[in-house]
Amino acid sequence: MAASTTIVDSSNWVRTQIPHHSLSSNSLLDLGSISFTKNKPTSKRNISHCALHSPSVLHFPPEQPYKPTVIPTDDSFTTVKRKTSHHRHQPPHWNLLQRAAAIALDMAESAVISRERQHQLPKTADPRVQISGNYAPVAEQPVRQSLPVTGTIPDCINGVYVRNGANPLFEPIAGHHLFDGDGMVHAVSIKNGNASYACRFTETERLKQERVLGRPVFPKAIGELHGHSGIARLLLFYARGLCGLIDHTKGTGVANAGLVYFNDRLLAMSEDDVPYQVRVTFSGDLETVGRYNFEGQLEHTMIAHPKIDPVSKEMFALSYDVIQKPYLKYFRFFPDGTKSPDVDIPLPVPTMMHDFAITENFVVIPDQQVVFKLQEMISGGSPVIYDKDKKSRFGILAKNARDANDIIWIESPDTFCFHLWNAWEEPESDEVVVIGSCMTPPDSIFNECDESLKSVLSEIRLNLRTGKSTRREIIQESNQVNLEAGMVNRNRIGRKTRYVYLAIVEPWPKVSGFAKVDLFTGEVKKYIYGDKKFGGEPFFLPRDPNSEEEDDGYVLAFVHDEKKCKSELQIVNATNLQLEASVKLPSRVPYGFHGTFIDSEDLVSQA
């Protein structure tokens, strides 16, 4: 980060990432191990297919020269300036020793990058793969009002649909995974049948510091932290912190995964930090309030899939640690935002805990076979591995537990669910029923595998009396399809539900439509977006919170037409799967992650 007066314009990079052709659906899904090693000869066994691995539209040169840090003198790299306000970023006020340290550390980083570029990047860390096509980033968009609407938006829909996603501000200088991008929230506000759209970065501490410095300096958890180069990057990162060149004490998260509205606050989350509060303005724009640690109560990270009980209105959450014990903590928040004391959950090894479930009385904690082993980096590998010798199990703990003494662990062999859709109790059989999509191979998102990836909707029964479990596929094998990302009626979370709405991830990882699955009969009804049209997570919005019919509502989803390079928000009747309305959006919406809906009455009471 040597001193310089060169102006860095990241917005030029972001604005050029608009795809001009559709992605190939026949490209290979080879989620290779996260290490910079030469690729092995291609196996003749079945390989999963993935549009993420189609030809790049970014056109990075094969031997791109390393660019040392430059210190910008204005706001030219701000992606979109907000209306009439002008944010002018001044160079950091470094003393001579800090400037010397910056030059030395930049030289060391240059050597690391030069060494990395002697080898071909695996596809899990190649930005030409991970952020090509409609996975490529977009610039911020100020509010656009009175958008064209085809059909009629139902009268009951008044509020804002918001969806999170990864959107790197700067062009990656090394490895990059889709999950590494900066958080960006896309919002469609609806009032009396009229719609507006805006998208904004969540202004994380990480993003703000990198914007001032003019390039990415915080390590990317998946794309960069692997092998010897990952160790080197960590050392460089903490060395910069010790020299006062960056400040990592304010958090390193990207806030790109989940969204939840709780205690009058919209919270953007990733599991590597505390949440960030984002406010929806009266005009439908978005503004970041800042890191939100529940007024000092939350002293550690929180996963991006907290659960809100529809009856008690409490929010339940987990936090995992990959460095030191306890590796897992459970806690809850009361409706007024008061946090309970942490409950330390004893785990033998740090485990990836992306999601969990609640019932009326319990929390259901998956302790599965994808674990963190940082020592793997010493031997040149990925710290995220599949441990075939570990037994997958679920922990059943009372919601109001003060400690983990009474937790019941029940093994469920070879079960890995990246997401759990719901859970409930069946007292007559002393069972807890868990609904999730079981993914095989378990670590296929992170590591190389020759098997075809499958994500199978499953019912897992955990018998609290016998300590045994059973697992069955809900959909008949002849109708089997990859189902990931979705939800049940959120007014019935933790209670027995009949329907679940899930993304049809075909061809993986693209979403060609969504499925409404009857959990009792296994019946599958599909809504397909159309030729070269793909979307993301389907969001179920109840028509009336007091409706007796569980499927009385609408499914909202962003859909992108790869032929026309146009995006829209589709509103589908959940009962008959008929399209009710389509909101034409003014700019491209990349494929993203999770979303929520905030009713207009709740928007008025935002903190």
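How many of the 607 residues of the chain count as buried, as a percentage?

1. The overall picture. The answer is 61% of the 607 residues. Keep in mind that this is a predicted model. The chain contains six helices and 35 strands.

2. Contacts along the chain. Residues 24 or more positions apart account for 64% of them.

3. The surface. The accessible surface of the chain is about 24,700 Å². Carbon and sulfur atoms supply 51% of that area.

4. Salt bridges. Side chains of opposite charge can pair when their charged atoms come close. The structure holds 31 salt bridges.

5. Arg215 and Asp106. These two residues form a salt bridge, and their closest N and O atoms are 3.3 Å apart. Arg215 sits in the loop between α4 (205–213) and α5 (227–242), while Asp106 sits in helix α2 (residues 96–116), so the pair ties together parts that are 109 residues apart in sequence. The cut-off for buried is under 20% relative accessible area.

6. Arg393 and Asp367. Here the closest N and O atoms of the salt bridge are 2.8 Å apart. Which parts does this pair tie together? Arg393 belongs to strand β20 (residues 393–398) and Asp367 to strand β17 (residues 362–367), so the link joins parts that are 26 residues apart in sequence. Arg393 is buried, and Asp367 is buried too.

7. Lys584 and Glu568. The side chains of Lys584 and Glu568 meet in a salt bridge at 3.0 Å, N to O. Lys584 is in strand β34 (residues 579–584) and Glu568 is in strand β33 (residues 566–573), so the pair ties together parts that are 16 residues apart in sequence. Look at each partner in turn. Lys584 counts as partly exposed, at 33% relative accessibility. Glu568 is buried, with a relative accessible area of 9%.

8. A network. Which residues are linked in a network of salt bridges? They are Glu426, Glu431, Glu459, Arg461, Arg472 and Lys496. Find these residues in the structure above.

Methods
Residues are numbered from 1 along each chain as its sequence is written. This is a predicted model: local features need pLDDT of at least 70, side-chain atom pairs count only at pLDDT 80 or more; totals for chains, interfaces and linings use all residues. Side-chain values use heavy atoms; hydrogens and water are left out. Helices (H or I, at least four residues) and strands (E, at least two) are DSSP runs, numbered from the N terminus. Buried means under 20% relative accessible area, exposed over 50%, partly exposed in between (1.4 Å probe, protein chains only). Contact means heavy atoms within 4.5 Å. Accessible areas come from the Shrake-Rupley method with a 1.4 Å probe; for residues, only the protein chains shown count as cover. A salt bridge is a side-chain nitrogen of Lys or Arg within 4 Å of a carboxyl oxygen of Asp or Glu.
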